[in-house]
Amino acid sequence: MQKAVHVQRSADPQLKKALTISVFIFLFGLFSGLFFSTGLSEENSRELSSLFISSISDDVARPVRILLSSLFSNYTAAAVMMAAMLSGLLSLLPFAVLWYKSFAIGFCCGLIQISGAESSLVLSLTEIVPPALFLIPAAILLASVTFTCSREEIIKSKRPSSKGRSLITMIFISLMGIAAGCIVETICH
């Protein structure tokens, strides 16, 4: 009994460390994306920002297509993160996916601001920020939990412990947050 209590208490610091690492990786990716977008030549940044803004402000895009596209891209990234739970060798995969997603967000935000369009702030506040309020915490939590599950090989255990069940619950909450972010993205578009 005493050993089980000790294992439960030691899981919390591991998850906290993974959350701290996830937040750092997210911020590193976000600022890397911003830095990369500002480092482009003026001609390339103008061209890319006009393409990006025209894709965001596409009024003929159907909500079902937007929702399905968002669900596909976000759940594909989530599936790649969750693949790390199959083996400890893949434990860094969630952090790589998190960096990629945050780099993309930073790059797109940088392109919008570089464009200098009169509606660039409005586009950022209406198109990128609302879904990001759900998608970013869900991605950070999912990366942390899948990393923790991968390191401790929770999936391979025959009987899930209370710690394993709580981690699986956090994965489910992350997936629900991703779904909420995709719905908000569809509504905002």
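Student: How are α3 and α4 oriented to each other, roughly parallel or roughly antiparallel?
Tutor: In this predicted model, the axes of α3, which spans residues 63-83, and α4 cross at roughly 155°. Angles over 145 degrees count as roughly antiparallel, and α3 and α4 are therefore roughly antiparallel to each other.

Student: And within what distance do the axes of α3 and α4 come?
Tutor: The two axes come within 8 Å.

Student: Which residues of α3 and α4 meet there?
Tutor: From α3, the residues are Ser 73, Asn 74, Ala 77, Val 80 and Met 81, and they meet Leu 93, Pro 94, Val 97, Leu 98 and Lys 101 of α4.

Student: Switching to the surface, which residues form the nonpolar patch?
Tutor: The patch is formed by Phe 24, Phe 28, Trp 99 and Tyr 100, which together have about 490 Å² of accessible area. The elements giving two or more residues to this patch are α1 (2-38) and α4 (93-115).

Student: Why does Trp 99 count as partly exposed?
Tutor: Trp 99, which sits in helix α4, counts as partly exposed because its relative accessibility is 31%, and that class lies between under 20% for buried and over 50% for exposed.

Student: What about the whole protein, how many helices and strands are there?
Tutor: The protein has six helices and zero strands. Of its 189 residues, 39% count as buried, while the protein exposes about 11200 Å², with carbon and sulfur atoms supplying 70% of that area.

Key:
Residues are numbered from 1 along each chain as its sequence is written. This is a predicted model: local features need pLDDT of at least 70, side-chain atom pairs count only at pLDDT 80 or more; totals for chains, interfaces and linings use all residues. Side-chain values use heavy atoms; hydrogens and water are left out. Patches are made of residues with over 30% relative accessible area and no salt bridge: like charges are joined within 9 Å, nonpolar side chains (Val, Leu, Ile, Met, Phe, Trp, Tyr) within 5 Å. Accessible areas come from the Shrake-Rupley method with a 1.4 Å probe; for residues, only the protein chains shown count as cover. A salt bridge is a side-chain nitrogen of Lys or Arg within 4 Å of a carboxyl oxygen of Asp or Glu. Helices (H or I, at least four residues) and strands (E, at least two) are DSSP runs, numbered from the N terminus. Buried means under 20% relative accessible area, exposed over 50%, partly exposed in between (1.4 Å probe, protein chains only). Axes are lines fitted to C-alpha atoms, for helices over the stretch in contact, and angles run from 0 to 180 degrees between N-to-C directions. Angles under 35 degrees count as roughly parallel, over 145 as roughly antiparallel, 65 to 115 as roughly perpendicular and the rest as oblique. Contact means heavy atoms within 4.5 Å.
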